[in-house]
Amino acid sequence: ATGVGKYLVEKNPNCKVVCVEPTESRVHLGASHSPHTILGIGAGIPTNFLTNLAPDQPYEEGPRGHVSEFLSATSDESVEWATKLANTEGIMVGPSS
């Protein structure tokens, strides 16, 4: 959702955009891909939209374009929080949300 993130930062520069990827496969920080159970848009491949935010910047900790920071969640944490959001808030999301 980098389009949404970019829009939100343009409207409110204090807004933080956080990219969360599987702990088991931190490819956006330059780590090697490892198997995980979170379905998403890539299988261990750094996504072009993040590369295009700062084409000359290496994959590393810290901001990249309008993404403020990169965090991670394990496969189990992702499933746990998706279930919590559905049960407590009525928000129907999957583990990759």
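Buried means under 20% relative accessible area, exposed means over 50%, and partly exposed lies in between, using a 1.4 Å probe and protein chains only. Keep that rule at hand for the exercises below.

The model is predicted, so local features need pLDDT of at least 70 and side-chain atom pairs count only at pLDDT 80 or more, while totals for chains, interfaces and linings use all residues. Residues are numbered from 1 along each chain as its sequence is written, and side-chain values use heavy atoms, with hydrogens and water left out.

**Exercise 1. Describe the overall layout of the protein chain.**

Step 1. Start with the elements: helices (H or I, at least four residues) and strands (E, at least two) are DSSP runs, numbered from the N terminus. The protein chain has three helices and two strands.

Step 2. Read along the sequence, and the pattern is α-β-α-β-α.

Step 3. Turn to burial: 24% of the 97 residues of the protein chain count as buried.

Step 4. Now look at contacts, meaning heavy atoms within 4.5 Å. Among the contacts in the protein chain with a separation of 6 or more, 50% come from residues 24 or more positions apart.

**Exercise 2. Check the length of helix 3 and find which residues line one face of it.**

Step 1. Helix 3 covers residues 75-89. The expected span of a helix is 1.5 Å times one less than its number of residues. For the 15 residues of helix 3 this gives 21 Å, and the end C-alpha atoms are 21 Å apart, so the two agree.

Step 2. List the buried residues of helix 3: Ser75, Ser78 and Ala82. Seen down the helix axis, these buried residues fall within an arc of 65°, so they line one face of helix 3. (The arc is that of the directions from the helix axis to the C-beta atoms.)

Step 3. Recall a general point: an α-helix has 3.6 residues a turn, so residues three or four places apart point the same way.

Step 4. See what each side does. The buried residues of helix 3 pack against strand 2 (69-73), while Asp76, Trp81, Asn87 and Thr88 are exposed on the other side.

Step 5. Zoom in on serine 78, which counts as buried because its relative accessibility is 10%. Leaving aside neighbours within four places in sequence, serine 78 is in contact with Ile38, Ala73 and Pro95.

Step 6. Finish at the end of the helix: glycine 90 follows helix 3, and its phi is positive, near 75°.

**Exercise 3. Find what sits over the ring of tryptophan 81, and count the aromatic pairs.**

Step 1. A charge sits over a ring if NZ of Lys or CZ of Arg is within 6 Å of the ring centre and within 35 degrees of the ring normal. The charged end of lysine 84 sits over the ring of tryptophan 81, 4.3 Å from its centre.

Step 2. Rings of Phe, Tyr and Trp (its six-membered ring) pair if their centres lie within 6.5 Å; planes under 30 degrees apart count as stacked, over 60 as edge-to-face and the rest as tilted. Searching the whole structure gives zero aromatic pairs.
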